[in-house]
Every structure is written in structure tokens, then in C-alpha cells.
Amino acid sequence: MLGPEQMVAKPLIRSAHLPHESNVRNGSVGRGPMTSRRGQLATERYDTERALSNWSQIRASVPLVMRRLESYAAIAPGASVLDVGAAQGVYVGALRSAGYAAVGVEPTEHARRTSFAVAALIGEQVEVVAGSAERLPFPDRSFDLVVANSVLEHVTDPVLAAREA
């Protein structure tokens with residue numbers, strides 16, 4: 001398993017998970033459930049259609065990202081990958097379609113429920129389990145690679161989250 005200094009981000013930009021304090025001041029909070037700083041719906045609140053809107057690009061990015069990561073650590077074909085902050089599991093599905101044994105962790109129930117529809121539409125097994133970056137629901141060293149995108153800035157203890165990975 002990679003250490004905190006080797007954690008890498010996915011090439012998928014996600015909106016903020018919780019309203020920023022400036023949203024309270026500028027009135028963007030209240031435009032909808034879980035909005036970003038710009039008042040956009042947070043990624044984990046997306047419906048199936050919106051979650052899959054970039055499916056082709058996300059799936060196509062996996063081989064490139066994995067080649068780049070191999071310059072830091074050996075990643076065997078079929079390696080086990082944990083996606084922390086997986087939302088609806090779209091990247092988990094893309095990893096699985098590329099032959100990796102991927103699993104996601106997501107604290108938001110709506111996103112985990114939506115992952116079932118995502119799996120059905122892309123034709124891949126998508127497993128997204130309940131959990132947080134600070135308390136991953138797996139034993140240490142369960143995965144060959146851990147990826148996280150737009151996660152550390154949303155946790156209460158970023159150092160603990162990095163250590164947990």
C-alpha cells in the first residue's frame with residue numbers, strides 16, 4: 001500500500017462535499033442539497049445520468065493515469081485499487097473495465113445507492129461501501145493502490161486520512 005506521500009489524485013474534478021463558509025455569506029447555500037462554493041450540486045449528490053455524463057473520458061483516462069503512476073510504484077495488471085471518496089462509483093467502474101480489482105468507499109448514502117444504477121448502465125460490477133477517509137472499512141494493506149480526489153480538504157483530520165490510506 002502507498003504511504004501518504006504517494007497518494008495520487010484521479011483525473012476527475014469533483015465539486016466540494018460541504019458548503020464552504022463563504023456560501024453562507026453569499027447566499028449560495030440553499031440552492032439545493034450539498035452545494036459547492038459556486039452553488040453547483042456536489043458530485044456525491046449527482047443522479048445517475050449526471051454521474052455518467054463523462055463516462056467515455058473517464059474510462060479512457062484509466063490507462064494513461066496508471067502508466068503515469070507506474071513511474072512511482074509498480075502496478076501489476078489486475079492490481080487491487082481503493083477509490084476513497086468514490087461518489088457513485090464511476091471511476092471504480094472505469095478501473096474495473098480496465099481489468100483492475102477496484103472498490104470504492106463513500107460516506108454519502110445517496111451516492112452509494114446510485115452506484116447500483118451506474119453499474120447496471122456500464123455493465124461492470126461497481127462496489128461502493130460505506131466509510132470515510134479517516135476510518136476505512138478494510139484491514140491495513142488490503143489494496144495495492146489507493147486513489148482519492150477532492151477528499152483531503154473535506155475531512156476533519158487530513159493527516160489521519162492520509163495515514164489511513
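**Loops, helices and cores**

Author: Ser150 lies in the loop between S4 and helix H6 (158-164). Helices (H or I, at least four residues) and strands (E, at least two) are DSSP runs, numbered from the N terminus. This is a predicted model, in which local features need pLDDT of at least 70 and side-chain atom pairs count only at pLDDT 80 or more, while totals for chains, interfaces and linings use all residues. Residues are numbered from 1 along each chain as its sequence is written, and side-chain values use heavy atoms, with hydrogens and water left out.

Ser150 has a phi near 50°, a positive value in a residue other than glycine. With a relative accessible area of 15%, Ser150 is buried; buried means under 20% relative accessible area, exposed over 50%, and partly exposed in between (1.4 Å probe, protein chains only). Ala87, in the loop between S1 and H4, also is not a glycine and has a positive phi of about 50°. Its relative accessibility is 3%, so Ala87 counts as buried.

H3 contains 15 residues, and its first and last C-alpha atoms lie 21 Å apart, close to the 21 Å expected at 1.5 Å a residue. The expected span is 1.5 Å times one less than the number of residues. H3 has a kink of about 35° at Val62, shortly before the proline Pro63; the bend is the angle between axes fitted to the seven residues ending at a residue and the seven starting there. Trp55, Ile58, Ser61, Val62, Val65, Met66 and Leu69 are the buried residues of H3. Their cover includes strand S1 (80-84), H4, H5 and S4, with contact meaning heavy atoms within 4.5 Å.

The 14 residues of helix H5 (residues 109-122) should span 20 Å, and the end C-alpha atoms are 20 Å apart, which agrees. Among the buried residues of H5 are His110, Arg112, Val118 and Ile122. The buried residues of H5 pack against helix H2 (48-51), helix H3 (55-69), helix H4 (90-97), strand S2 (101-106) and S3. Just after H5, Gly123 adopts a positive phi of about 75°.

A nonpolar core is a set of buried Ala, Val, Leu, Ile, Met, Phe, Trp, Tyr and Cys residues joined through side-chain atoms within 4.5 Å. The largest has 27 residues, and Met66, Val81, Leu95 and Tyr100 make the most contacts inside it. H3, H4, H5 and S4 each give two or more residues to this core, and the largest share, 6 residues, comes from H3. Neighbours within four places in sequence aside, Leu95 is in contact with Val62, Met66, Val81, Tyr100 and Ala102. A second, separate core of 13 residues includes Val105, Leu136, Phe143 and Ala165.

Phe143 has a relative accessible area of 8% and is buried. Phe138 sits in the loop between strand S3 (128-130) and strand S4 (145-148); at 24% relative accessibility, Phe138 counts as partly exposed. Residues up to four places away in sequence not counted, Phe138 touches Leu82, Val103, Val105, Val129 and Phe143. Phe138 and Leu82 are 56 residues apart along the chain, with 9.8 Å between their C-alpha atoms.

A search of the whole structure finds 1 aromatic pair. The ring centres of Phe138 and Phe143 are 4.9 Å apart and the planes lie at 90°, so the pair is edge-to-face. Rings of Phe, Tyr and Trp (its six-membered ring) pair if their centres lie within 6.5 Å; planes under 30 degrees apart count as stacked, over 60 as edge-to-face and the rest as tilted.
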